[in-house]
Amino acid sequence: MTQTGKTQTRARTVFLLAHTGRPAAIRSAELVVEGLLRSGLGVRVLEAEAVDLPLPPEVQTVKEATAECIDDCELIVVLGGDGTLLRGAEFARASGVPMLGVNLGRVGFLAEAERDDLDKVVDRVVTRTYEVEERMTIDVVVRRNGDVVHRDWAMNEAAVQKVSPERMLEVVLEIDGRPVTGFGCDGIVCATPTGSTAYAFSAGGPVVWPEVEALLMVPISAHALFAKPLVTSPDSVLAVEVQPHTPHGVLWCDGRRTVELPSGARVEVRRGEVPVRLARLHHASFTDRLVAKFALPVQGWRGAP
């Protein structure tokens, strides 16, 4: 770790991650940094992002956001859209440090605050008036001829998808060691409850409240009579087998990490051993969050008598 400017020891440090390609994120980062420094907290950022941010000299910079560089931070504050928030989740999982997301994008289900809440965010961080909850993840294993060829994880989903636009991907689905069905499709999404409002939702899957522990398996454009979304026990093991006679596919984890799936590959998904910790500022129910994020029409509701 390197530190720019004067050497200064601070008892509390916050790691800041921002989508510096957006002017709104740059200005938001500037405001958050000013507020934290003014309150006596240290701030640490990536060198690559510091170049684009108008930061005071006392802000610490690191070349890479490794778990070791974040270990002594009490919080990861992430400014950006869904992609940036998922990038922050990677750091949060690796370090065990809670992540507080500020949405600068369109939906931002992982975010706890919006752009207009920056003053409140700084105040809550300074006074430590936030709660931490754990979100379930999934561990992903890819096998070929019985051998493990790739390991990964996801907070939202692991998606097995076709590569060739003109040909479907032929798959067989398995749950807990037993075959369920097979068909041609564009892909299969295996998701967590957190991911039920992301890709799985777009594919026609159900919305699952975050406190419900479960795994989801959602087909994408399946050519079959029985191709419904499935919700299983959190202790289940889901598997997607790519048929040997079908074109190769691709595995995407949270839309960020990808690996090619050759014909005959097998993807196994199970509950992750390491959760992601999220900092929560509000006690609002997930129902209210769902209505707000999707702008659902609730006019005329009168409530219980």
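Predicted model: local features only at pLDDT ≥ 70, side-chain atom pairs only at ≥ 80, totals over all residues.

Visitor: What is the mean pLDDT of the chain, and how many of its residues reach 70 or more?
Guide: The mean is 91, and 97% of the residues reach 70 or more. The scale of this confidence value runs from 0 to 100.

Visitor: How do you know how many disulfides there are?
Guide: A search of the whole structure finds 0. Take Cys69: the nearest cysteine sulfur belongs to Cys73 and is 8.7 Å away. A disulfide needs the two sulfur atoms within 2.5 Å, so Cys69 is in no disulfide.

Visitor: Why are Cys69 and Cys185 called buried?
Guide: Buried means under 20% relative accessible area. Cys69 has 15%, so the word applies. Cys185 counts as buried too, because its relative accessibility is 0%.

Visitor: And what makes Ala295 buried or exposed?
Guide: The cut-off for exposed is over 50%. Ala295 has a relative accessible area of 62%, so Ala295 is exposed. This residue lies in the segment after α7.

Visitor: Why does the phi of Ala295 deserve a remark?
Guide: Most residues other than glycine have a negative phi. In Ala295, which is not a glycine, phi is positive, near 50 degrees. Arg128 is another non-glycine residue with a positive phi, about 55 degrees, and Arg128 sits in the loop between α5 (118–127) and β8 (131–135).

Visitor: On to the open spaces. What is the volume of the largest pocket, and which residues are closest to its centre?
Guide: The volume of the largest pocket is about 370 Å³. Its lining has 17 residues, and the closest to the centre are Asp82, Asn156, Thr197, Ala198 and Tyr199. Two or more lining residues come from each of α4 (82–95) and α6 (199–202). By class, this lining divides into 8 nonpolar, 6 polar and 3 charged residues.

Visitor: What makes up the lining of the second largest pocket, by class?
Guide: There are 7 charged, 5 nonpolar and 3 polar residues. This pocket holds about 240 Å³ of space. Of its 15 lining residues, Glu112, Glu114, Arg289, Ala292 and Lys293 are the closest to the centre. The largest share of the lining, 4 residues, is given by α7.

Visitor: Why is a space called a cavity and not a pocket?
Guide: In a cavity a 1.4 Å probe fits but cannot get out, whereas a pocket is open. The structure holds 2 cavities of 30 Å³ or more. The largest cavity has a volume of about 80 Å³, and its lining includes Phe109, Thr197, Phe286 and Arg289.

Visitor: Which residues line the second largest cavity, and which element gives the largest share?
Guide: Met99, Phe109, Leu278 and Arg289 are among them. The largest share, 3 residues, comes from β21. The volume of the second largest cavity is about 50 Å³, and the classes of its lining are 6 nonpolar, 1 polar and 4 charged.

How values were computed:
Residues numbered from 1 in each chain as written. Heavy atoms only, no water. 1 Å grid on protein atoms, 1.4 Å probe; cavity = no way out; pocket = protein on both sides within 12 Å on 5 of 7 lines; lining within 4 Å. Points joined across faces, edges and corners; volume = space filled by probe spheres on them. Nonpolar A, V, L, I, M, F, W, Y, C, P; charged D, E, K, R; others polar. Buried < 20%, exposed > 50% of the residue type's maximum accessible area, 1.4 Å probe, protein only. pLDDT = per-residue confidence, 0-100.
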